[in-house]
Amino acid sequence: MPYLSKIPLNPRRRAAASLLSNPHRLHAAILSGLASQPVTERVLWRLENSTQHRAEILALTESRPSWAHLVDDAGWPGADGGEPLIADYTPLLDRIIRGREFAFKLMANPVQSVPRPTRPSEQQATRLKEESDSGHRRRGFRVAHRTVTQQIEWLLRRCERHGFAIPEAAASPPAPGLQLPTEEGQDLPGSSAGAAITVVSRDILRFTKRKGGTPVTLSTATFEGRLRVTDPDALRSALLSGIGPAKGYGQGLLTLAPPRTSKADHRG
């Protein structure tokens, strides 16, 4: 039975600051919340929000966890609002039926595989030299998508396999009494304005797995929008298994919520 947890952390505590600054350490702390060790189940997580006063971690686990160690070391032990919330994820999975729409959020690591990077990093340059010396080529290089357009296209290409489609977003109508001029081929006020998906934030994470270790760099994008279920089983699998690479570093957790209702989204 899967469980979705929300874990509040106090960024002003030294242990919390250490965890929040390094996804590798935070991942290890999350795995420590599971009784069966070493952990063999799929664990997804995401830094949901982070300010100087409060941070929250979402974690999806296959077994029921305990977050007492995180509360004691990096949270607010005994304080109102300091206890983690742990919810059975099954009711949400049961509500996934073909044609239903949800609001969604996804923090992911959009990447592509290329034969040779345009601007190789130090690690990539070393690997290229080793392959040149040995005459043996391995798999391609994983390179991040840098622009918003590339990142959105990356997710749109994965929708079908993960059991959902992104519907069209309706453009906001003009203010009462204001008629915008149009030309042939342009969208009319209130007509479709592209896919209902937005990149709400982007970041580059840099950290090491151990002191003095090789630096890890991740380019992340946080998507929000609406989706329509096309294959319930495939979408359930995406929810439980994640989307894209770097899942151990807080990427790939797709979460759903009731669709937001607004004038732009109203369909009668």
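These are my notebook entries on what I looked up in this predicted model.

**Ground rules.** The model is predicted, so I kept local features only at pLDDT of at least 70 and side-chain atom pairs only at pLDDT 80 or more, while totals for chains, interfaces and linings use all residues. Residues are numbered from 1 along each chain as its sequence is written, and side-chain values use heavy atoms, with hydrogens and water left out.

**Overall.** I found seven helices and 13 strands in the chain. Helices (H or I, at least four residues) and strands (E, at least two) are DSSP runs, numbered from the N terminus. Of the 268 residues, 40% count as buried; buried means under 20% relative accessible area, exposed over 50%, and partly exposed in between, with a 1.4 Å probe and protein chains only.

**Cores.** I looked up the nonpolar cores next. A nonpolar core is a set of buried Ala, Val, Leu, Ile, Met, Phe, Trp, Tyr and Cys residues joined through side-chain atoms within 4.5 Å. The largest has 32 residues, and F104, F223, L227, L235 and L256 have the most contacts inside it. Among the elements that give two or more residues to this core are β3 (55-61), β5 (101-108) and β12. A second, separate core of 16 residues includes L9, L34, W67 and A74.

**F104.** I listed its contacts (heavy atoms within 4.5 Å). Leaving aside neighbours within four places in sequence, F104 touches residues including L155, I166, F223, L227 and L256.

**Aromatic pairs.** Rings of Phe, Tyr and Trp (its six-membered ring) pair if their centres lie within 6.5 Å; planes under 30 degrees apart count as stacked, over 60 as edge-to-face and the rest as tilted. My search of the whole structure gave two pairs. W154 and F223 have ring centres 6.4 Å apart and planes at 15°, so this pair is stacked. W154 is in helix α6 (residues 148-156) and F223 in strand β12 (residues 215-229), 69 residues apart. Both W154 and F223 are buried. F207 and Y249 have centres 4.9 Å apart and planes at 70°, so this pair is edge-to-face. F207 sits in strand β11 (residues 197-208), and Y249 in the loop between α7 (232-241) and β13 (254-257), 42 residues apart. F207 and Y249 are buried too.

**R46.** Is R46 buried or exposed? At 1% relative accessibility, R46 counts as buried. R46 belongs to strand β2 (residues 44-50). A polar atom of its side chain lies 2.8 Å from the backbone oxygen of L253. Leaving aside neighbours within four places in sequence, R46 also has contacts with residues including E56, K105, M107 and T255.

Definitions and conventions
Polar contact = N/O pair within 3.5 Å; in protein donor to acceptor, adjacent residues only side chain to side chain.
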